[in-house]
Amino acid sequence: MVGIKDCYLSGKLQKADYIHKMYEKHSMLYEYSHIIKETNICKIVIEDESLYMVTRDRGIKLYCKEFDERIVPIEIINFNDYEKEELNMVDNILDKLSARSFVDIGANIGYISMYHAKKYNKIKFYAFEPVKATFDILSKNVSANAMDNIFLYNIGISNEKKEAELYYYPEGSGNTSLKNLSGREDVVPVPAMLDTLDNVLGNIAEREKVDFIKCDVEGAEYFALSGAENILKTETPVVFVELLRKWSAKFGYIPNDVIKYMCSFGYSCFVIHDGKLKEISLIDDNTVETNFLFVHKSKFTYLKELIL
C-alpha cells in the first residue's frame with residue numbers, strides 16, 4: 001500500500017488509478033466485518049502502529065503482534081474460538097473448588113489467565129512467561145484489561161534455577177521452547193531465566209493456597225511439574241497440562257512418565273469427554289487428546305459432578 005502511494009506522489013500513477021488501486025486494498029476492511037461475524041472476535045481496532053481485537057465472550061482486549069501467525073486473536077478468527085471446551089471445564093472446576101489462586105505456567109500473551117480472571121476477580125492469578133517479547137505483550141494485555149488480580153513474572157518454570165536459551169521465532173511465538181520443536185533454521189535463541197515453582201511461590205509472602213495449575217511449556221511439562229513437587233504434595237491443586245508425544249520425545253521422556261509422576265502423589269489423570277472428566281491410565285497411539293487434567297484424590301468429592 002505504501003508503494004502505491006509513493007507511485008502516485010511521484011507522478012507514476014494517475015489519480016483515478018491510484019484511488020482504484022488503494023480501494024482494492026481498503027476493501028479488506030469490509031471483508032473482515034463479515035469474517036468475524038461467526039467468531040468470538042467482535043471488534044478489530046487499528047491504531048497508530050498497533051492493532052488489537054476484542055472477544056465477544058468476556059470482552060477481552062488482545063493486542064496483535066505483527067507477523068505472528070499463531071497469536072491467539074488470529075487463532076480465534078481462523079477457528080472461530082480458542083479451546084472453548086477446555087475453558088468451560090476450567091470454569092466449572094474453579095467454581096466447584098471455590099478456588100483462591102491460579103498458576104499459569106507458560107502464559108504466553110495471557111488469554112487463558114485473563115479469560116478466567118474476568119469472571120473470577122477474587123482469584124489471584126500468577127502468570128509466568130519467560131520470553132521478553134511475549135511478556136511485553138502479556139503485560140500490555142493485562143494492563144489494557146485492567147486485570148489487577150493477575151501478577152506477572154518474566155521467568156520460566158522448570159526443575160531448577162538457571163539461565164537458559166529458548167528457541168523463538170516471530171511467526172509462531174507460542175511454540176517457543178527449550179528445544180527447536182519447529183526444526184526451522186531461522187529460529188532465534190533468546191535468553192531466559194528459569195526457576196522452580198516451589199522456589200518462586202515459596203518466596204511470596206501471604207500468598208493464597210494454589211488450587212489450580214495450568215502448564216503449557218511446549219514439551220518441557222515434566223520438568224516444570226518436577227519443580228513443583230512440594231506444592232503438588234501439600235496443596236494438591238488440580239493440574240491442567242498439555243502433553244504431546246512428539247514434543248516430549250525431544251526432551252527424553254514420554255507423557256506416561258508424567259502420569260506416573262503425578263500418580264505418586266495421589267493424582268489420577270483425566271481427559272475431557274462430552275463436557276465431563278473421563279479417567280484414563282495410559283496415553284498411547286490411540287489417544288487423540290493432547291490436554292489432560294490431573295485431580296488429586298482429596299478433590300474427588302468437590303468435583304464428583306464433573307467426573308464420569
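Which residue is the bridge partner of Val103 in E10? I looked up the pairing and found Ile213 in E10 as the partner of Val103.

**Basis of the entries**

I note that the model is predicted, that local features need pLDDT of at least 70 and side-chain atom pairs pLDDT 80 or more, and that totals for chains, interfaces and linings use all residues. Residues are numbered from 1 along each chain as its sequence is written, and side-chain values use heavy atoms, with hydrogens and water left out.

**Entry 1: the sheet**

I began with the strand order. An open sheet is formed by 8 strands, in the order E6-E5-E4-E10-E11-E14-E12-E13, and its pairing is mixed. I took strands and helices as DSSP runs numbered from the N terminus, with at least two residues (E) for a strand and at least four (H or I) for a helix. Two strands count as paired if DSSP finds at least two bridges between them.

Which strands stand at the edges? I found strand E6 (150-153) and strand E13 (276-280) there; each has a single partner strand, so one side of each is left without a neighbour in the sheet.

I then examined E4 (residues 101-105). 5 of the 5 residues of E4 are buried, so the strand is largely enclosed by the rest of the structure. I used "buried" for under 20% relative accessible area, "exposed" for over 50% and "partly exposed" for values in between, with a 1.4 Å probe and protein chains only. Ser101, Val103 and Ile105 lie on one side of E4, Phe102 and Asp104 on the other, and both faces are covered.

E4 runs parallel to strand E5 (residues 124-128), and 5 bridges join the two. I located Ser101 opposite Lys124 in E5. Between E4 and E5 the chain passes through helix H5 (residues 111-119), and this β-α-β crossover is right-handed. I applied that term where, with the strands pointing away from the viewer, the path from the first strand over the helix to the second runs clockwise.

I checked E10 next. Strand E10 (residues 212-215) pairs with E4 in the parallel sense over 4 bridges. E10 also pairs in the parallel sense with strand E11 (residues 238-242), again over 4 bridges. In E11, I found Val239 as the bridge partner of Ile213.

I looked up the cover of H5. Since 7 of its 9 residues are buried, H5 is largely enclosed by the rest of the structure. Among the buried residues of H5 are Tyr111, Met114 and His116.

In E5 I picked out Tyr126. Tyr126 is buried at a relative accessible area of 3%. From C-alpha to C-alpha, Tyr126 and Leu201 are 9.0 Å apart in space, while 75 residues separate them in sequence.

**Entry 2: salt bridges**

Side chains of opposite charge can pair when their charged atoms come close. I counted a salt bridge where a side-chain nitrogen of Lys or Arg is within 4 Å of a carboxyl oxygen of Asp or Glu. The structure holds 13 of them.

- Arg70 pairs with Glu75, with the closest N and O atoms 2.9 Å apart. Arg70 is partly exposed at 47% relative accessibility, whereas Glu75 is buried at 9%.
- Asp95 and Lys119 meet at 3.9 Å, N to O. Asp95 lies in helix H4 (residues 84-97) and Lys119 in H5, so the pair ties together parts that are 24 residues apart in sequence. Asp95 is partly exposed at 42%, and Lys119 is partly exposed at 43%.
- Asp211 pairs with Lys209, with the closest N and O atoms 4.0 Å apart. Asp211 is buried at 2%, whereas Lys209 is partly exposed at 30%.

I also noted one network, in which salt bridges that share partners join Asp57, Arg58, Lys84 and Asp91.

**Entry 3: a nonpolar patch**

Which residues make the nonpolar surface patch of about 480 Å²? I identified Tyr23, Leu29, Tyr30 and Ile46. Patch residues have over 30% relative accessible area and no salt bridge, with nonpolar side chains (Val, Leu, Ile, Met, Phe, Trp, Tyr) joined within 5 Å and like charges within 9 Å. The areas come from the Shrake-Rupley method with a 1.4 Å probe, and for residues only the protein chains shown count as cover. Helix H2 (residues 15-35) gives the most to the patch, with 3 residues. Leu29 is in H2 and is exposed, at a relative accessible area of 52%.
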